[in-house]
Amino acid sequence: MATLSWVFTAYPVSVQYAALDQRNLTNITTDIDTPCNDSFLGFDSSVREDSIVLDLNLLCGREWLKSLLAPVYMVGMLIGAPVFGFLSDKFGRKRLVLVSISVVSISGCVLTVMPQSLAWHAFWRFLTGFGAGGAMVCTFVYLIEGPRKGRRWRLIAALGLHLGWNSGQIVLVTTAYLVRGWRELQLLTHAGCLLALSLHFLVPESPRWLICQGRLEEAKQVIMQMASTNRKTVPFDVLDSLVQPPIMQTGKIPKVLIKRLLVLSFQWFATNLCYYGIHYSSAQLYGDIYINFPLLMLAEVSANLFSHLVALPSLGRRRYLSLCQLLCSLVLLLSSALSPSYHQLKICLTLIGKFTATANFNCLYFYTCELFPTSIRSTTIGVCSTLGRLGAVVALACVHLNWVSEYLPPVIMAAPAGVAALLMVALPETEDCNLPESLEETIVMIK
C-alpha cells in the first residue's frame with residue numbers, strides 16, 4: 001500500500017492554458033506560486049485535488065525533477081533490503097519485521113507535515129523506502145520458514161503474503177478515490193501500518209531461526225505452541241531430534257551458491273523493472289486511473305492464485321519462471337510496436353504483462369528461499385532484492401521517458417526479461433526439495 005501510493009500522491013498534472021480552453025474551468029485550481037506563462041489558467045483537478053507535483057512545483061520546465069524524485073523511494077528499498085536482511089539473520093525475523101514496519105509508518109507520516117522542500121521530501125521518502133525494503137524481505141522469510149514440512153504449505157504461506165499485498169492495493173485505490181488530497185492519502189496509508197505492530201503479541205519468533213541460533217528450548221516451545229493452536233501433537237522424538245546446523249563460514253561460500261546468487265540477482269532486476277514499470281505506467285494509460293489501477297490489481301490477484309495453486313506445484317519453479325519472463329518480454333515488445341490509437345489493445349497487453357510480471361515475483365521470492373540455507377536466507381533475499389530494486393529505480397526513471405519516445409519505456413523493460421528467461425538454464429529445480437537448513441543440504445539436495 002505504501003509502496004504504490006506514489007501512483008496517486010504524485011499523479012500527473014494537466015496544465016491548462018487560455019489558448020487551449022477557456023470554456024470550462026470548473027475543475028481548475030490555481031493555488032501555486034509560479035505560473036507557467038501569461039496564458040496559464042491553472043491545473044486540472046478533476047482526478048486529484050492536489051499532488052506532490054503541485055506542492056513541489058515540478059512543472060513548466062521542472063518535470064525532469066520528478067524523474068529524479070520518483071526513484072528515491074526505490075533507492076531506499078535497495079539499501080534497506082540487505083541491511084534488514086542481514087540484521088534479521090543476526091537478531092531474529094519477528095523483531096526486524098516490527099522495526100521495519102515502524103520505520104515505514106513513522107517516516108511516511110512525517111512526510112505529510114514537512115515544508116514544501118524537494119530535499120526534505122526526498123529524505124523522508126528515502127527513509128520510507130528503506131523500511132519498506134526491510135519489511136518485504138523479513139516478512140516473506142518469516143512466513144516461508146513457518147511450515148516445518150510440506151511443499152504445499154510453503155506455497156500457501158507465500159500466497160498469503162502476496163494476497164496481503166493485494167489487500168493493501170484495494171485499500172489504497174479505495175482510499176485514493178475517497179480522499180483526493182495527497183497529504184491526507186499519504187497519512188492514512190502510512191498510519192494504518194502501525195496496526196501491524198500488534199503482531200508482537202500475536203506471532204512467535206521463527207522456529208527455524210531459533211534452531212539455527214542454537215536456542216533449541218525456545219524453538220521447542222514455539223513448535224509446541226503452534227501445534228497446540230492447530231490442535232496437533234508433536235512427537236517427543238521429533239523435538240529431541242532438533243539440532244543446531246553447522247555454522248557456515250562466510251569465507252567458505254561455495255562457487256555454486258555464488259553462481260546462483262548472481263543469476264537470481266539478474267532475475268530480480270528484470271522482474272522489478274517489468275513489474276514496477278507496468279504499475280507506475282498505469283497513470284499514463286488511456287482512461288480513468290480509478291478503473292485502470294483496479295484492473296491491474298485484478299490481473300495481479302489472478303496471477304497470485306494461478307501461480308501458487310496451479311503453476312508452481314505442476315510446472316516447477318525453473319520452467320514456470322523462464323516461461324513468464326519470456327512472455328512478459330514479448331508482450332512489452334508488442335505493446336511498444338502498437339500505435340497510440342490502439343488504446344484498448346494496449347490496456348489488454350498491459351494486463352497480460354502485469355500478470356506475467358506478478359507471476360515472476362511470486363516464483364522468485366519462493367525460489368530464492370529454497371536455494372539457500374536458513375543461516376543466510378534473509379541475507380541472500382536482501383542482496384537479490386537490492387539488485388532487484390535497481391530495476392525498480394530504472395523503471396521509475398524510464399516511465400518518465402515517454403517525452404523522448406513513447407516506444408522507449410516498454411523496450412527498456414522488455415530486453416532484460418528476455419535475457420533472464422535464457423539464464424534460467426543455469427539454475428536447478430527445487431520443486432521436490434525440502435527447505436534446506438544447512439550448507440550441506442543446500443548443495444546435496446538441490447542439484
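Which residues in helix 6 meet which residues in helix 17?

A quick word on the model first. It's a predicted one, where local features need pLDDT of at least 70, side-chain atom pairs count only at pLDDT 80 or more, and totals for chains, interfaces and linings use all residues. Residues are numbered from 1 along each chain as its sequence is written, and side-chain values use heavy atoms, with hydrogens and water left out.

Okay, the helices. Helices here are DSSP runs of H or I, at least four residues, numbered from the N terminus. On the helix 6 side we have Met 136, Val 137, Val 141 and Ile 144, and they meet Arg 377, Ser 378, Ile 381, Gly 382, Ser 385 and Arg 389 in helix 17. Contact means heavy atoms within 4.5 Å. By class, that contact has 5 nonpolar, 3 polar and 2 charged residues. For the classes, Ala, Val, Leu, Ile, Met, Phe, Trp, Tyr, Cys and Pro count as nonpolar, Asp, Glu, Lys and Arg as charged, and the others, Gly among them, as polar.

Now the geometry. The axes of helix 6 and helix 17 (residues 377-399) come within 10 Å and cross at roughly 140°. Axes are lines fitted to C-alpha atoms, for helices over the stretch in contact, with angles running from 0 to 180 degrees between N-to-C directions. So helix 6 is oblique to helix 17; the cut-offs are under 35 degrees for roughly parallel, over 145 for roughly antiparallel, 65 to 115 for roughly perpendicular, and oblique for the rest.

On to the charges. A salt bridge here is a side-chain nitrogen of Lys or Arg within 4 Å of a carboxyl oxygen of Asp or Glu, and by this rule there are 7 salt bridges. Take Arg 93: its side chain meets that of Asp 89 at 2.5 Å, N to O. Glu 145 also forms a salt bridge with Arg 93, the closest N and O atoms being 2.7 Å apart. Glu 145 lies in the loop between helix 6 (118-144) and helix 7 (151-178), while Arg 93 is in helix 5 (residues 93-111), so this pair ties together parts that are 52 residues apart in sequence.

Elsewhere, Arg 215 pairs with Glu 218 at 2.9 Å between the closest N and O atoms. Both are partly exposed, Arg 215 at 34% and Glu 218 at 38%. As for shared partners, salt bridges join Asp 89, Arg 93, Glu 145 and Arg 377 into one network.

How values were computed. Helix = DSSP H or I, 4+ residues; strand = E, 2+ residues; numbered from the N terminus. Buried < 20%, exposed > 50% of the residue type's maximum accessible area, 1.4 Å probe, protein only.
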